[in-house]
Amino acid sequence: MKRLKITNDHGWTPRTLRKQEWKIKNNLLRQRVMAVRLVMEGYSGKEAASMVNVCRQTASHYVSLFNEGGLELLLHRDFAPGREPFLTEEQQEKIKQLVLTTTPAELGWDVASAWNTKLLQSYVAKQFGVSISREALRKLLHRKGLSWTRPTYTLAKGNPDEQKQLEKQMDLIKKLDHQGDRRCRSSVHR
């Protein structure tokens with residue numbers, strides 16, 4: 001088996017790589033730098049791989065990435081594009097606005113005063129022709145910055161003059177009640 005070698009150090013030394021390791025927060029990326037540093041320090045690929053807990057082929061891959069493009073290529077990670085979303089960004093935004101601005105009752109969907117995932121699921125199926133699970137809808141709304149809460153009632157703004165009048169009446173009732181309590185106590189003690 002051929003020994004791993006650093007063919008192009010790109011200006012990095014084992015000491016500067018160690019300092020770089022301390023700066024990297026992501027454990028997987030730190031592991032890559034550590035494997036390259038260990039090979040640079042003279043450890044075999046098998047020994048370096050064992051020390052950073054990866055297989056020898058992975059350590060070899062890290063060294064070849066580093067030789068080819070330095071630390072930048074070593075730390076670069078491509079992620080798979082992932083699955084196509086069920087709904088377009090525009091449709092997702094439309095659902096968010098629907099939840100924020102209307103009720104199912106206003107649209108004639110239900111007598112409910114607030115949206116839930118079951119109602120949204122049927123709305124999405126009818127409006128966009130897409131079958132989507134309730135959990136996927138919940139996650140979509142969460143990504144859009146919404147969270148589920150129980151509906152609460154909002155009282156209409158009261159008339160400030162009437163509120164002051166009511167406060168005065170309540171204070172008067174409390175005073176009268178308090179005076180009645182004193183009279184009752186004094187008659188008991190006689």
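Mentor: We take the aromatic rings, then the cores. The model is predicted: local features need pLDDT of at least 70, side-chain atom pairs count only at pLDDT 80 or more, and totals for chains, interfaces and linings use all residues. Residues are numbered from 1 along each chain as its sequence is written, and side-chain values use heavy atoms, with hydrogens and water left out.

Trainee: How many aromatic pairs does a search of the whole structure find?

Mentor: Two. Rings of Phe, Tyr and Trp (its six-membered ring) pair if their centres lie within 6.5 Å; planes under 30 degrees apart count as stacked, over 60 as edge-to-face and the rest as tilted.

Trainee: Why is the pair of W115 and Y123 called edge-to-face?

Mentor: The ring centres of W115 and Y123 are 5.8 Å apart and the planes stand at 70°, so the pair is edge-to-face. Y123 also pairs with F128: centres 6.5 Å apart, planes at 90°, so again edge-to-face. W115, Y123 and F128 make one aromatic cluster.

Trainee: Why does W115 count as buried?

Mentor: Buried means under 20% relative accessible area, exposed over 50%, partly exposed in between (1.4 Å probe, protein chains only). W115 has 9% relative accessibility, so W115 is buried. Y123 is buried too, at 9%.

Trainee: Which residues touch the most other members of the largest nonpolar core?

Mentor: L17, V33, V36, F66 and L74, out of 21 residues. Such a core is a set of buried Ala, Val, Leu, Ile, Met, Phe, Trp, Tyr and Cys residues joined through side-chain atoms within 4.5 Å. Another core, of 15 residues, lies apart from it and includes W115.
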